[in-house]
Amino acid sequence: MDNNHSVFIYEQCRFFSDAEFEDEDSNYYRDTDREAKRRRPKEKKTRERKEREKKRSAKNGESNGKAGNNVRGQPEEEQRGRKGRRRRGKEEEKAPVDGGDEEVDREVQKRRKTRGNRKATKHLKEEKEEENSNHKRQRPSKAEKDMKPSQRKTKKKEEDEPEKIDKGRKKRKVKVETSSESSDSSEEEESSEEEDGDDGEEGTEAVLGALTPEELEKLKEAVDERKKLIGTIRAKPWAMKKKLQTLRESQEFVEKYEGALGKGRGRKLYAYKVMMRKKWMKFQRDFENFKTACIPWEMKIKDIESHFGSSVASYFIFLRWMYGVNMILFGLTFGLVMVPEALMGRPYGSIPRKTVPRADEAGAMDFAVLWDFGGYAKYSVLFYGYYNNQRTIGWLKFRLPLSYFLVGVGIVAYSYMVVIRTMARNANEQGGGDETNYNFSWKLFTSWDYLIGNPETADNKFASITTSFKEAIVEEQESRKDDNIHLTRFLRVLANFLVLCCLAGSGYLIYFVVRRSQKFALDGLENYGWWERNEVNMVMSLLGMFCPMLFDVISSLENYHPRIALQWQLGRIFALFLGNLYTFIIALMDEINLKRKEEETVKFNMTAWQASLYNGTIGDNVTLSSITVDPADVPRGPCWETMVGQEFVRLIISDTMTTYVTLLIGDFLRALIVRFLNYCWCWDLEYGFPSYSEFDVSGNVLGLIFNQGMIWMGAFYAPCLPALNLLRLHVSMYLQCWAVMCCNVPQERVFKASGSNNFYMAMLLVILFLSTLPAIYTIVSIPPSFDCGPFSGKSRMFDVIQETLETDFPAWFGKVFSYASNPGLVLPFILLMVLAIYYLNSTSKSYKQANLDLKKKLQTQNEENKKKNKTAALKAANDLEEARNAVSLLQQQQSNNNASKQDDRRLDSSQQNRQQADNRPNYRETRHTAHPAKSHCGHSDPRRHIDRSPTPRRPGMSGYLPGLPHHPASKVPRHPHIHLQE
Amino acid sequence: MGATASQLPKDLLSEYQELTFLTKQEILLAHKRFTELVTREGRTSAVTRVPMEKILTLPELKSNPFRKRICHVFSTSELKDGSLTFEDFLDLLSAFSDSATLEIKSHYAFRIFDFDDDGTLDQGDLEKLVNCLTGDTEDTRLTTEEMRQLISNILEESDIDKDGTVNLSEFQHVISRSPDFVSSFKIVL
């Protein structure tokens with residue numbers, strides 16, 4: 001029994017290793033199954049045979065009388081032991097030829113009728129139909145009769161073979177049999193197939209009980225294999241019907257054997273694990289579904305994607321990613337700084353820093369002032385200055401200054417982490433494959449964007465693809481010659497010069513404006529109008545709007561390839577924005593210095609004021625303790641931190657406003673005018689001059705990146721910035737989605753989305769670095785204001801860490817920390833890190849090199865294999881031809897001897913044989929040993945013909961009727977089985 | 001197969017999830033879209049086939065130059081008329097979905113580009129492919145000289161074994177190195 005199963009399992013494993021499931025495979029599967037069952041020990045069989053004979057004698061009468069009326073046989077059959085039934089198929093083969101044969105046939109039929117649905121294959125349906133028709137006809141097939149006895153004999157012979165050979169040999173042997181038997185009559189297959197269907201649980205369980213651990217392992221392996229198949233089936237390029245069928249079969253198999261594996265002694269754990277895994281898979285799938293359902297704006301973005309292609313969508317995906325990052329930043333600042341201060345900190349008006357000064361009180365609630373983030377807005381949790389330097393606040397003893405500092409650092413750290421992680425992931429996805437030797441092929445095979453669902457976009461795409469083809473061809477043709485290279489060079493230098501002029505001019509303009517605004521601020525803003533107050537922001541926004549256009553015009557001088565031109569353009573805009581930002585920061589630094597000077601004087605005046613206060617009160621004979629001054633009246637310093645925060649907030653607001661206004665005017669209004677004025681205009685507006693605007697992906701991305709840079713810079717001094725940014729991103733998501741869909745036309749210039757994704761990220765990283773520099777500089781090197789903010793009274797902001805260490809941690813910790821922060825330790829550590837980076841870098845380089853080498857190796861190997869395969873195929877073809885010749889000779893001889901029907905039959909069976917051979921060509925030789933016995937007994941023993949009483953034909957017979965091709969594969973030239981024996 | 005019922009049976013739905021790269025919502029959406037295409041009289045038959053003309057009216061496919069090829073490749077119809085059942089339709093969406101692997105995408109891309117269904121991309125296929133990509137209008141079409149140049153360049157690059165055609169493995173080799181094939185070989189309902 002053992003070896004049977006090991007064989008069975010072995011076959012199963014092989015079965016899975018086959019790359020493709022073909023129709024023959026299911027047949028094959030059945031064969032092996034049957035084989036396994038057939039080879040059960042004989043002692044049991046004899047016992048059962050006796051049992052069966054009793055029952056059969058009781059039933060014989062009725063079954064002989066009415067062939068079609070065999071339903072009554074069923075219940076009795078059901079009552080029999082399952083095991084018995086399972087083995088009956090084999091036993092039948094061995095049993096002496098008598099009436100029982102037909103009876104069993106019928107029983108099998110019946111059971112098939114009731115249970116056959118488990119294997120819902122097309123094959124089976126066919127058989128059923130045939131069965132029905134056979135019932136009507138009641139005509140026994142002669143061929144069937146002929147074959148049965150012979151086959152039975154074969155069986156006997158095979159089973160009589162000594163069972164005590166070593167395992168390896170046996171396996172081989174059985175394999176031989178399975179392959180040879182496929183060419184036997186269909187009858188056998190029937191029974192085995194049926195068994196395969198219905199003795200599932202108990203049968204396998206019983207079998208499993210007798211399996212050795214080794215075989216169990218194999219079975220497990222087979223089950224795992226199936227599971228793997230189930231897991232990867234979706235990645236197979238098959239039609240759904242086939243996938244569905246394979247899935248069902250595999251699942252059935254897994255359930256059948258997994259369940260059995262679980263039921264035995266001590267295997268409960270396995271079953272439990274399996275069950276849990278199933279549950280876990282289901283949960284994962286549901287979770288996955290849930291997750292995709294939770295991704296915001298997914299449908300919107302997909303909609304845009306399908307209209308405008310992936311490049312426009314990449315902007316929105318970037319925007320969404322940015323929104324997620326800002327959500328985290330907002331959570332940090334809001335949850336750890338703003339809310340604790342608002343809930344637990346001292347209320348408004350309790351101390352001077354939390355009160356609007358008397359001079360400003362009158363207009364503190366005016367909208368203009370609030371819009372400028374002055375008045376009440378300035379003296380609120382939104383800005384640095386409002387926070388108190390109390391070490392702990394509220395009943396929670398929340399250490400607000402520490403929290404403030406750590407959140408400031410955490411924002412930067414988190415941003416670095418997330419940007420670098422995303423970059424690394426993107427780089428991984430790209431796989432570092434920078435081979436550019438498939439230029440044309442990529443253009444041809446991958447240039448179509450299947451997401452395009454808009455005819456206009458499609459037209460643009462057609463045009464751009466055509467131009468890219470033409471360009472590529474022209475480039476290829478004239479890659480060497482460049483006639484007026486001097487002119488081009490001159491123009492390029494000129495263009496760069498112009499751009500530099502633009503950059504310098506815009507930088508100076510900003511510097512000038514900021515200086516002017518400082519003067520205004522010193523004079524008092526009230527004396528000036530709206531323009532003077534918002535000059536800086538407006539100038540910056542306008543520069544950001546018009547300079548790119550100027551660059552665009554200038555870049556047309558250069559005559560670069562569009563892609564390179566685009567990169568230049570992006571680089572220039574980037575430089576412009578950066579220059580503007582840094583000019584702004586430098587001006588801000590000047591202002592900070594001014595404020596700090598002012599602060600000195602205020603400090604000086606403060607002492608004088610306090611002294612005068614004392615003097616005054618003493619003069620009035622009032623005790624010192626009772627001196628109370630309204631906080632609004634206390635003179636205070638300028639608080640440069642709040643000023644910086646305010647500047648950034650104003651910048652963000654004005655930037656947002658300009659973005660929205662340009663969107664509404666530049667896109668929406670333009671689209672409206674073009675659309676409706678087109679009816680009464682002298683030229684075609686839609687295709688002529690103004691036309692509709694395109695969605696400017698690169699400009700928008702750059703805007704987003706710089707906006708984020710400002711957030712990073714200003715968030716320390718204005719904790720409200722992430723919240724504002726979140727709001728801005730949220731609104732622009734909807735607004736831009738709407739604007740794109742309603743008033744933009746798809747762009748003509750191709751801007752590959754995936755290629756530029758990391759480009760955006762790299763820019764973001766640069767901006768992040770550049771924006772954290774000034775922020776860190778101010779935090780580290782400028783002493784905080786003396787009378788506002790959480791760090792007031794300290795000489796540096798990071799002293800808060802020192803303070804916490806000293807007061808909240810045990811003494812030894814402070815000591816350890818001071819040692820650890822000792823330069824003598826820090827410097828070697830930094831050195832070590834640099835070394836580690838160097839080492840990792842060099843190893844990654846060597847890995848890359850190894851990768852390339854492997855790739856090359858693989859390629860050469862592939863080519864070699866191809867050659868080898870070709871020669872092998874040729875050889876095989878030759879062999880086949882020879883074999884065919886030999887066969888035709890033999891066939892002629894045989895056909896003389898045999899009846900034509902038999903011949904037909906044999907042909908059919910040999911087809912099957914051939915399929916098997918196709919499946920396992922390497923078993924051909926082994927089969928030779930088994931064949932002679934079978935084939936020669938196939939035509940002997942004519943006595944059996946007569947013994948058989950007419951019976952209805954069995955369902956499965958239909959497929960094997962002479963002349964009715966059963967398998968699609970039978971269309972290939974037939975090779976009668978004899979050729980295998982040559 | 002339940003494709004005609006107004007609701008998909010639950011077990012079938014989970015099987016579809018197992019067999020495609022689509023999520024539950026996507027399958028349900030696909031089902032909704034598909035049933036909208038099915039005509040009233042079609043609903044009575046067991047396995048509904050939607051003729052290719054109907055499928056091509058979907059806005060997602062309308063402007064795709066390969067729309068007919070896509071239908072033909074995914075159709076399991078014996079008449080080779082490009083008509084799709086719901087399962088074929090799911091196969092289509094699965095291959096074009098976000099999470100489908102490069103292997104399956106490139107396999108189907110190859111079959112789509114293989115206009116004469118002979119298993120290789122030969123001169124004729126490539127020519128048709130170029131014509132599909134450059135559109136139907138006269139002014140965008142390439143001249144014969146350009147076409148010849150282009151195809152010879154392509155074959156030079158991709159035809160590794162130099163047999164004059166691009167076969168599946170060569171095609172996949174080329175495609176797998178492309179940075180934007182996976183992101184552009186997508187159709188979203």
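Guide: Start with a definition: partly exposed lies between buried, under 20% relative accessible area, and exposed, over 50%. The model shown here is predicted.

Visitor: Why is Lys291(A) called partly exposed?

Guide: Lys291(A) has a relative accessible area of 40%. The limits are 20% and 50%, so Lys291(A) counts as partly exposed. Glu288(A), with 42%, is also partly exposed.

Visitor: What makes Lys291(A) and Glu288(A) a salt bridge?

Guide: The closest N and O atoms of Lys291(A) and Glu288(A) are 4.0 Å apart. The cut-off is within 4 Å, between a side-chain nitrogen of Lys or Arg and a carboxyl oxygen of Asp or Glu, so the pair is listed as a salt bridge. Side chains of opposite charge can pair when their charged atoms come close.

Visitor: How are Lys291(A) and Glu288(A) placed along helix H14 of chain A?

Guide: They are 3 residues apart in helix H14 (residues 268–294), which means a separation of about one helical turn.

Visitor: How do you know that Arg391(A) and Asp808(A) form a salt bridge?

Guide: Their closest N and O atoms are 2.7 Å apart. The limit is 4 Å, so this pair qualifies. The pair links distant parts of the chain, 417 residues apart: Arg391(A) is in the loop between helices H18 (375–378) and H19 (400–430) of chain A, and Asp808(A) is in helix H30 (residues 799–808). Arg391(A) has 27% relative accessibility and is partly exposed; Asp808(A), at 29%, is partly exposed too.

Visitor: Are Asp655(A) and Arg728(A) buried or exposed?

Guide: Both Asp655(A) and Arg728(A) are buried. Buried means under 20% relative accessible area. Their side chains meet in a salt bridge at 3.4 Å, N to O. Asp655(A) is in helix H26 (residues 640–677) of chain A and Arg728(A) in helix H28 (residues 721–743), 73 residues apart.

Visitor: Which residues do salt bridges with shared partners join into one network?

Guide: Arg391(A), Arg399(A), Lys794(A), Glu803(A) and Asp808(A). Over all chains, the search finds 15 salt bridges.

Terms used
Residues numbered from 1 in each chain as written. Chains lettered and ligands numbered in written order. Predicted model: local features only at pLDDT ≥ 70, side-chain atom pairs only at ≥ 80, totals over all residues. Heavy atoms only, no water. Helix = DSSP H or I, 4+ residues; strand = E, 2+ residues; numbered from the N terminus. Buried < 20%, exposed > 50% of the residue type's maximum accessible area, 1.4 Å probe, protein only.
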